[in-house]
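The following exercises concern a single model and are each followed by a worked solution. Please inspect the sequence and the coordinates before reading on.

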Amino acid sequence: MNNILNNLIERQKEFQRIVNIPIDSLVDIDRNNMTETYLFLAIKEIVELSREFPSVANPWSKHNKRADLERVKEEFSDILMFLINIAIVWRLSPEDILNQLVKTQENNFLKIKTKKM
């Protein structure tokens, strides 16, 4: 898993450099602007993902009878790529990302256990 994530990050760095995004900048304004841009793009993709699920409560859905798994995977991966871009901007390693995911999951379990007690 770690190698796959590392390869994705390295390939995404290459892509960002090809399209002239200043991902190597250490200037705060550049990092903040890129982070904000990637966050808004991720939100846009989350809205697009929400449209893939038929729902009466979801006015943005496409009103399909069932969700298209391939479209769900495409939209989900778009979201993750923008989040990976944020990790690149903040120089998070695959280990940083995975360790934080484990820590966050553990904290969530602790919170729910505390609530149930």
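**Exercise 1: Surface and charge**

Solution. The model is a predicted one. Turning to burial, 24% of the 117 residues of the protein chain count as buried. As for charge, the protein chain carries 17 positive and 17 negative side chains, and the centres of these two sets are 8 Å apart.

**Exercise 2: Fold and dimensions**

Task: Determine which elements the protein chain contains, and compare its radius of gyration with the globule rule.

Solution. The protein chain has four helices and zero strands, in the order α-α-α-α from the N terminus. Its radius of gyration is 17 Å, whereas the globule rule gives 13 Å for 117 residues; the former is well over the latter, so the protein chain is more spread out than a compact globule. The C-alpha trace spans about 45 × 40 × 30 Å along the principal axes.

**Exercise 3: Aromatic pairing**

Task: Classify the pair formed by the rings of Y38 and F82.

Solution. The count comes to one aromatic pair. The ring centres of Y38 and F82 lie 6.4 Å apart with the planes at 35°, so the pair is tilted; planes under 30 degrees apart would count as stacked and those over 60 as edge-to-face. Y38 belongs to helix α2 (residues 28-50) and F82 to helix α3 (residues 69-89), so the pair ties together parts 44 residues apart in sequence. Y38 and F82 are both buried.

Technical notes
Residues numbered from 1 in each chain as written. Predicted model: local features only at pLDDT ≥ 70, side-chain atom pairs only at ≥ 80, totals over all residues. Heavy atoms only, no water. Helix = DSSP H or I, 4+ residues; strand = E, 2+ residues; numbered from the N terminus. Rg over C-alpha atoms; globule rule 2.2 N^0.38 Å. Buried < 20%, exposed > 50% of the residue type's maximum accessible area, 1.4 Å probe, protein only. Lys, Arg positive; Asp, Glu negative; His and termini not counted. Charge placed at Lys NZ, Arg CZ, Asp CG, Glu CD. Phe/Tyr/Trp six-rings, centres within 6.5 Å; stacked < 30°, edge-to-face > 60°.
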